[in-house]
Amino acid sequence: MALPSSLKVGALYYEVNLVPKLGDWNHGADGQTWATAQEIRIDADMPETRQEMIFLHEVMHVAASFMEIGGPDKLTEEQWISRMAPILYTILKESGLLVF
């Protein structure tokens, strides 16, 4: 599957970019979410399946930020899933990535 070029999160659109050698200058990370620039970066040198997994990882960061999950409130697994499921569903559905 080719990664989308953009991702809709609420009223915002995040640009999705494949970046060569991202890990070389990003402390070894294979992906990065830059919220202020509304950008998700994925290491272009990774195999396609790994890029897809990294993309989903970064989408979860975007969703967690959007839902204001994190910080001092300690959530149970059920609370975290209950908060994340609706926004992940919306992100994937509106971006045409939800296929059943």
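Below are my entries, in the order I looked things up.

**Ground rules.** I'm working with a predicted model, so local features need pLDDT of at least 70 and side-chain atom pairs count only at pLDDT 80 or more, while totals for chains, interfaces and linings use all residues. Residues are numbered from 1 along each chain as its sequence is written, and side-chain values use heavy atoms, with hydrogens and water left out.

**Confidence.** I checked pLDDT (the predictor's confidence in each residue, from 0 to 100). The protein averages 87, and 98% of its residues reach 70 or more. I then went element by element, taking helices (H or I, at least four residues) and strands (E, at least two) as DSSP runs numbered from the N terminus.

**Sheet.** I looked up which strands pair, meaning that DSSP finds at least two bridges between them. Four strands make an open sheet with mixed pairing, ordered 1-2-4-3. I noted strand 1 (6–9) and strand 3 (31–34) as the edges, each pairing on one side only. From one strand to the next the twist averages 20 degrees; axes here are lines fitted to C-alpha atoms, for helices over the stretch in contact, with angles from 0 to 180 degrees between N-to-C directions.

**Either side of strand 4.** Strand 2 (residues 12–19) runs parallel to strand 4, joined by five bridges, and I found N17 opposite R41 of strand 4. Strand 3 runs antiparallel to strand 4 with four bridges, and there T33 sits opposite I40. Strands 3 and 4 form a hairpin with four residues between them, and I logged a positive phi of about 50 degrees at Q38 in the turn.

For burial (under 20% relative accessible area, 1.4 Å probe, protein chains only), I listed M84, I87, L88, I91 and L92 in helix 3. These buried residues pack against strand 1 and helix 2, contact being heavy atoms within 4.5 Å. Just after helix 3, G96 has a positive phi of about 70 degrees.

Note on methods. Buried means under 20% relative accessible area, exposed over 50%, partly exposed in between (1.4 Å probe, protein chains only).
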